[in-house]
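Biologist: I would like to learn how to read a fold from its coordinates. Where do we begin?

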Amino acid sequence: MKRNIVIATVAAAALIGGGAFAASASGDDDSAPVRGKTNVQTVADDRDDSRDDDRRDDDRDDDSRDDTPRTATTEVTAADAVAAALKHTSGTAVSVDLEDDGADRWEVEVVKSDGTEYTVRVAADTADVLGAQRDDDSDGRDELAALRGTTVTAEEAARAGAAKGTVVEVDLDDDGPAAWSVQTTQGEWTVDAKTSTVTQERDDD
């Protein structure tokens, strides 16, 4: 009788021990997925943070590009563009400007003797005339009057200004005695419309 009781007690202990072991194993299995999920979420968060950093870097790059000084890599000079425009549309050139919107062209303003004004587009790599458009809203007679008595043309002003850097714009300054305002990659200059003398423009302040 006592022997049977001992056997029963041992069996019960084995059952209890096995249950505890199963519970322990079950607890371990539950914790493993939790750790896995945490690691996956951490990696995803790190990737999101990395993408955010890249976007911030791109924004900084965009801002820095906005402050980049104007440069010119065109094979056709401002003087060449004026010559090509006048060969296509006769008149007096009063300005030439290198478009910096990625279009790779010069725009030359040409005024005819009756005051009508045309914008002539010249390819910046071949000097081919891409087209000409009349500007009905502009009257170039004031520019013609300002240039009366002068001897230096826009083309000659562009050639004179080229000694101070690559010319990207030439415009007529008629606020006082007629002169050419020339912008180069090195600064802004004034070319005397009678003598071709080049001086650096200075702020009024």
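Biologist: In strand 4, which residue is the bridge partner of Tyr118?

Modeller: This is a predicted model. In general, strands of a sheet pair through backbone hydrogen bonds, either parallel or antiparallel. Here Arg134 in strand 4 is the bridge partner of Tyr118. Strand 3, residues 117–123, pairs with strand 4 in the antiparallel sense over six bridges.

Biologist: What is the order of the strands in the sheet?

Modeller: The sheet is open, has eight strands and runs 4-3-2-1-5-6-7-8, with antiparallel pairing. Strand 4 (129–135) and strand 8 (198–200) stand at the edges with a single partner strand each, so one side of each has no neighbour in the sheet. On average, neighbouring strands are turned by 25 degrees against each other, direction ignored.

Biologist: Which strands does helix 2 touch?

Modeller: Helix 2, residues 78–88, packs on the sheet and touches strands 1, 2, 3, 4 and 5. Its direction makes about 50 degrees with that of strand 2.

Biologist: Which residues of helix 4 are buried?

Modeller: In helix 4 (residues 154–161), they are Ala154, Ala157, Ala158, Ala160 and Gly161. These residues lie on the same side of helix 4 because they cover an arc of only 165 degrees around the axis. Their cover includes helix 2, strand 1 and strand 5.

Biologist: What is the phi of Ala127?

Modeller: Most residues other than glycine have a negative phi. Ala127 has a positive phi, near 70 degrees, and lies in the loop between strand 3 and strand 4. Ala127 counts as partly exposed because its relative accessibility is 26%. Ser196, in the loop between strand 7 and strand 8, also has a positive phi, of about 70 degrees.

Notes
Residues are numbered from 1 along each chain as its sequence is written. This is a predicted model: local features need pLDDT of at least 70, side-chain atom pairs count only at pLDDT 80 or more; totals for chains, interfaces and linings use all residues. Side-chain values use heavy atoms; hydrogens and water are left out. Two strands pair if DSSP finds at least two bridges between them. Helices (H or I, at least four residues) and strands (E, at least two) are DSSP runs, numbered from the N terminus. Axes are lines fitted to C-alpha atoms, for helices over the stretch in contact, and angles run from 0 to 180 degrees between N-to-C directions. Contact means heavy atoms within 4.5 Å. Buried means under 20% relative accessible area, exposed over 50%, partly exposed in between (1.4 Å probe, protein chains only). The arc is that of the directions from the helix axis to the C-beta atoms.
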